[in-house]
Amino acid sequence: MKSRGAAPLGRVLRAAVRELRKFAYTRPIRGAEGEKPGRRPRLGLALSGGFARGLAHIGVLKVFVENQIAIDALAGTSTGSIVAAAFASGCTIEEMATIARQTRWSSFARWTIPRLGFATNERMESFLLKTLPCRTFEQLKLPLAIVTADLRTGQAVIFREGDLMIPLRASCSFPGLFVPIEHQGRLLLDGAIVNNVPVSALPGMDLIVAAHIRSNGLHRRPTSLFEVVGESFRITLNSSQSSWREQCDLTIEPELADYRWDDFGHADELMAAGEIAAKQALPTLRRLLREQTRRVKESGSREVEKSRIENSGARVESQVFP
């Protein structure tokens, strides 16, 4: 025969268990990277090639910094790789702009006897050593991917660790103009051959923005071998745009039709063009960030609730969460 106090005692114990579970299941659940639900979306920025016109990327970055839009990872090709490396190294926009104004062809290249290229960018290493506070990927303040191309295999070679200088030189070795860089048994060239806008080198991001240095063509007869090669290169790149555009959420394209590939003397105008384009894209970027923030929070809430059920010991008969 059950005692009279058994039922009240059972109710008390069940209530205690419920309160214990409530306390346990409402604790913050950390993700793989130690982040709590409700974190802001991770943003990746891909910077294309563009030779001198790639200085416009500095203007794009200026708008991000002034509007406190955090960048979580960078990927760069050719000139975009140098600008990305400078930013990831911790250079300020003012420091980058000063370097851009002082940069000329002779800062990083010299003509050579033609064999595999008309010029060598050996000088670029000393230029980079003076410019960048970091020497290796591991010293960078932000994750960085540098895209190069293997001349022998035609495949993309992406660097994310180790020495910075060789990958940067290789990513800027425009075919036909610069001698390829020999490294680890490979002949490396400008990454634009295989991935001019390296959005695919930014895995794990919630939002990807691409800064693309668009070329509208010469609209005149070429006057040098380099313009012939450059225009041929442009045609090839334009035919492969659909793949990277489909992988990014927003594209920023400065208007640079009036500037030549080697217009280093117009650094201020090039940076201003990048700034204008980024400001025009800012409302769209803010909207995308709001939308992604909402999705991230909703996803975090679902994970918390799912964990409650899984840890409760209860049997779940149907799939509740997508």
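Student: Is Ser78 buried or exposed?

Tutor: Please keep in mind that this is a predicted model. Ser78 is buried, because its relative accessible area is 4%, which is under the 20% cut-off.

Student: Where is Ser78 found?

Tutor: Ser78 is in the loop between strand E2 (73-77) and helix H3 (79-89). Its phi is positive, near 55 degrees, although Ser78 is a residue other than glycine.

Student: Which residue follows H2 with a positive phi?

Tutor: That residue is Gln68, with a phi near 55 degrees. Phe51 also has a positive phi, of about 55 degrees, and is not a glycine.

Student: Where does Phe51 sit, and is Phe51 buried or exposed?

Tutor: Phe51 lies in the loop between strand E1 (43-47) and helix H2 (56-66). Phe51 counts as buried because its relative accessibility is 12%, and the cut-off is 20%.

Student: Back to strand E2, please. What does Thr77 touch?

Tutor: Thr77, which lies in strand E2, has contacts beyond four places in sequence that include Leu47, Ser48, Gly49, Val147, Ser171 and Asp190. Also among them are Gly191, Ala192, Asn195, Asn196 and Pro198. Thr77 has a relative accessibility of 0% and therefore counts as buried.

Student: And Ala156, is that residue buried, exposed or partly exposed?

Tutor: Ala156 is partly exposed, because its relative accessible area of 44% falls between the cut-offs of 20% and 50%. Ala156 belongs to strand E6 (residues 156-159).

Student: What is Ala156 in contact with, apart from its neighbours within four places in sequence?

Tutor: Ala156 is in contact with Thr148 and Val194.

Student: Let us turn to helix H2. How many of its residues are buried?

Tutor: Eight of the eleven residues in H2 are buried, so the helix is mostly covered. The buried residues are Ala56, His57, Ile58, Gly59, Val60, Leu61, Val63 and Phe64.

Student: What does Phe64 touch?

Tutor: Not counting residues up to four places away in sequence, Phe64 touches Leu43, Leu45, Ile69, Ile71, Val209, Ile252 and Leu285.

Student: Which residues touch the most other members of the largest nonpolar core?

Tutor: They are Leu43, Phe64, Met96, Leu144, Leu164 and Leu285, in a core of 68 residues. Helix H11 (residues 267-312) gives the most to this core, with eleven residues. There is also a second, separate core of 13 residues, which includes Ala73, Ala201, Leu202 and Ile208.

Student: What do nonpolar side chains tend to do in soluble globular proteins?

Tutor: In such proteins, they tend to be buried together.

Student: Finally, what does the secondary structure of the chain come to?

Tutor: The chain has eleven helices and eleven strands. Of its 322 residues, 45% count as buried.

Student: What share of the contacts joins residues at least 24 apart?

Tutor: Among contacts between residues at least 6 apart in sequence, the share is 73%.

How values were computed. Residues are numbered from 1 along each chain as its sequence is written. This is a predicted model: local features need pLDDT of at least 70, side-chain atom pairs count only at pLDDT 80 or more; totals for chains, interfaces and linings use all residues. Side-chain values use heavy atoms; hydrogens and water are left out. Helices (H or I, at least four residues) and strands (E, at least two) are DSSP runs, numbered from the N terminus. Buried means under 20% relative accessible area, exposed over 50%, partly exposed in between (1.4 Å probe, protein chains only). Contact means heavy atoms within 4.5 Å. A nonpolar core is a set of buried Ala, Val, Leu, Ile, Met, Phe, Trp, Tyr and Cys residues joined through side-chain atoms within 4.5 Å.
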